[in-house]
Amino acid sequence: MNGLMLVARREIATQIRTRAFVIGLVVTVLLVSVVSFLPKIMGGGGDSYTLGLVNSQQLPLQTAAPDIGFEWRTYADEAAARQAVLDGDVDAALVDGARVLTDGEIDAQLGVLLQSVNREFKLGAAGVAIPPLEMRSVGADTRYESARQGVATVLVFLLFMLLMGQMVMVAMGVVEEKGSRIVEILLASVRPWQLLGGKILGLGVVGLINLVAILVVGLGAASVSGLAADFPPGMAGLMVSVLVWFVLGYAFFATLSAALASLVSRQEEVSSVLTPLTMMIMATYFVSFYVLNEPSGLLASVLSYVPPFSAMVMPVRMAAAEVPMWQTAASMAVMALAVLVVLKLGSTVYERAVLRTGARLKFGEVLRAR
Amino acid sequence: MLEIRELRKRFAGGSDAPGGKVALDGIGFSVRPGEMFGFVGANGAGKTTTMRIVMGVLQADSGSVSWQDRPLGADARQRFGYMPEERGLYQKMRVAEQIEYFGRLHGLSAPAAKKATDDLLERLGLTERRADAVQALSLGNQQRVQLAVALVHEPEVLVLDEPFSGLDPIAVDALATALQERCRGGVPVIFSSHQLELVERLCDSVGIVSAGRMVATGTVAELRAAEGDTLRVVVRDPAPGWADGLPGTVSVQGERHTLRTTGGDDQEILRRAMKAGHVEHFGVEQPTLTEIFKEAVA
């Protein structure tokens with residue numbers, strides 16, 4: 001165990017001191033904060049209206065639509081109000097409590113609001129009280145649909161980038177040790193599983209540092225920018241399960257990556273030997289994007305149990321729709337089982353191949369050889 | 001005592017050797033504390049495979065390795081020092097950190113590893129380079145770091161595969177001195193080499209390996225005694241056919257005839273030589289390790 005921890009510690013210490021790690025972390029953190037503030041900056045005027053008022057009373061729009069901001073400006077006469085509309089100072093102007101002036105067609109939402117609030121207001125003044133209709137959804141909760149989609153998109157991209165990045169780091173590290181032959185001295189003092197496990201563990205921690213930094217900064221920035229107000233409930237649980245999914249997905253891909261990398265002796269061969277794995281991770285990514293559009297569909301339900309797709313499909317499903325707890329647990333259990341199988345397979349190949357420098361070896365041949 | 005008994009190893013064959021290749025065919029020898037053991041043999045004879053098995057990097061098909069009368073396990077092996085034939089270091093890691101790291105891997109505590117590293121750097125003259133990346137060092141200095149990595153934990157046993165290859169004569173002497181120091185401290189040292197004069201000069205005992213078997217083993221003196229001394233007689237311008245009926249072989253170089261023999265009556269040979277011509281040299285010579293080696297693997 002001691003050997004494993006020493007190897008892991010060296011990996012972490014080596015990685016976090018590199019310029020690539022520091023710059024990468026700073027850039028992603030900046031990017032995430034910008035993304036969190038973007039809706040605020042871009043869509044600033046979207047959900048608030050400025051209204052002109054000539055010889056009329058303010059309508060209780062705020063009560064009818066508490067999420068939207070309304071600003072009233074009073075004008076002396078209709079001519080002044082008309083000018084204000086044309087100049088774009090106001091979105092619409094209410095004249096004599098009877099006419100609404102707009103520049104072209106009125107904003108649909110605003111139009112409906114004005115009509116219905118006006119009607120209610122007038123009826124109320126006449127002594128007729130109408131109880132508002134009670135809205136109740138008997139299907140899925142779709143209130144947060146767009147926010148869920150946004151969160152899911154960001155998560156799947158994050159998982160993809162980090163899984164891919166750390167997987168390549170593991171492969172490069174394995175080939176560095178094999179190619180430089182240092183592996184032989186290492187294996188004289190630690191067991192192969194310690195060397196392999198330490199490397200995977202260490203680089204996994206580096207990946208987790210990245211992921212946690214991004215999640216913390218992202219959520220922090222979102223709550224400062226007010227974006228967090230739109231987040232669906234259960235964000236904390238979602239974040240925790242994203243961490244678990246990263247660990248599972250990473251263990252799966254990194255182990256296979258190490259096994260494949262141990263077949264070659266030169267850095268130049270890394271990308272070609274990793275091709276099948278890169279394809280697999282890309283496929284997982286694309287499938288997850290497809291699932292994003294239909295998070296409750298058949299494909300999504302099935303693939304969220306099939307490793308390694310489940311590592312990205314399930315978190316997407318969880319973010320984009322509500323998933324019962326038992327389904328998440330079942331899917332995680334299946335994935336964990338797959339990770340165990342891959343660990344057994346990968347460490348066997350690694351152990352047999354890592355000392356055989358020279359020409360590229362074949363995965364199947366190494367596995368079959370006694 | 002380090003004892004290697006009856007090691008056998010067969011490598012799985014590729015398409016070119018379907019039956020596999022026998023690398024070790026029952027090799028065995030032992031090394032006492034404070035003994036320097038030279039391991040010689042042609043390329044592919046099985047030296048590296050034997051050392052890898054001793055270091056636990058490879059598994060033998062059968063046979064055993066024991067240290068201090070117990071089967072050698074991972075714990076004891078952690079206190080061994082190893083320098084493989086193919087040198088390797090983390091090129092981008094700093095010199096001192098690298099040596100310390102290996103000290104820790106060999107079971108030293110953090111402060112002990114740090115102290116051992118400082119001492120070694122001092123002795124190897126690398127103190128100023130301690131914070132440099134290994135790749136910034138000259139080849140000679142990289143070799144020293146490699147040695148430091150093998151020595152940092154004050155190993156109980158040293159196993160070195162071709163430690164002298166690629167070293168200049170001064171570095172050879174420095175390494176030889178370092179190994180002799182360890183040896184005097186009671187550490188068994190095994191090293192392989194193709195430089196037989198060096199083996200002859202440094203080693204208390206020698207093992208000659210050929211085709212996965214130990215064909216001769218013992219102290220250099222024992223091997224010489226087994227081989228027997230050679231009588232060499234040089235006669236200038238002798239009468240033709242002077243050596244007819246004498247044992248051994250005659251080689252002719254210009255007017256000098258040289259007779260070499262390991263048997264026969266030396267007095268009789270001398271009389272015949274003196275009668276035949278002018279005797280320039282008459283003497284008994286001990287065989288060199290090179291001669292013993294050639295004889296043994298022939």
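Author: Asp230(A) sits in the loop between helix H8 (192–225) and helix H9 (235–261) of chain A; helices here are DSSP runs of H or I with at least four residues, strands are E runs of at least two, and both are numbered from the N terminus. This is a predicted model, in which local features need pLDDT of at least 70 and side-chain atom pairs count only at pLDDT 80 or more, while totals for chains, interfaces and linings use all residues. Residues are numbered from 1 along each chain as its sequence is written, and chains are lettered from A and ligands numbered from 1 in the order in which they are written.

Reader: Why does Asp230(A) count as partly exposed?

Author: A residue is buried if 20 or more other C-beta atoms, placed from the backbone, lie within 10 Å of its own, exposed if 12 or fewer, and partly exposed in between. Asp230(A) has 15 C-beta neighbours inside 10 Å, and therefore counts as partly exposed.

Reader: How far apart are Asp230(A) and Ala261(A) in sequence and in space?

Author: The two residues are separated by 31 residues in sequence and by 44 Å from C-alpha to C-alpha.

Reader: What makes a set of residues a nonpolar core, and which residues touch the most other members of the largest one?

Author: The set must consist of buried Ala, Val, Leu, Ile, Met, Phe, Trp, Tyr and Cys residues joined through C-beta atoms within 7 Å. In the largest core, of 144 residues, Ala171(A), Ala258(A) and Val159(B) touch the most other members. Helix H6 (residues 145–179) of chain A gives the largest share of this core, 15 residues. A second, separate core of nine residues includes Tyr49(A), Tyr75(A), Val85(A) and Leu94(A).

Reader: How many residues of chain A are said to be in contact with chain B, and on what criterion?

Author: Two residues are in contact if their C-beta atoms, placed from the backbone, lie within 7 Å. By that criterion, 16 residues of chain A are in contact with 19 residues of chain B. On the chain A side, H7(A) supplies the largest share, six residues.
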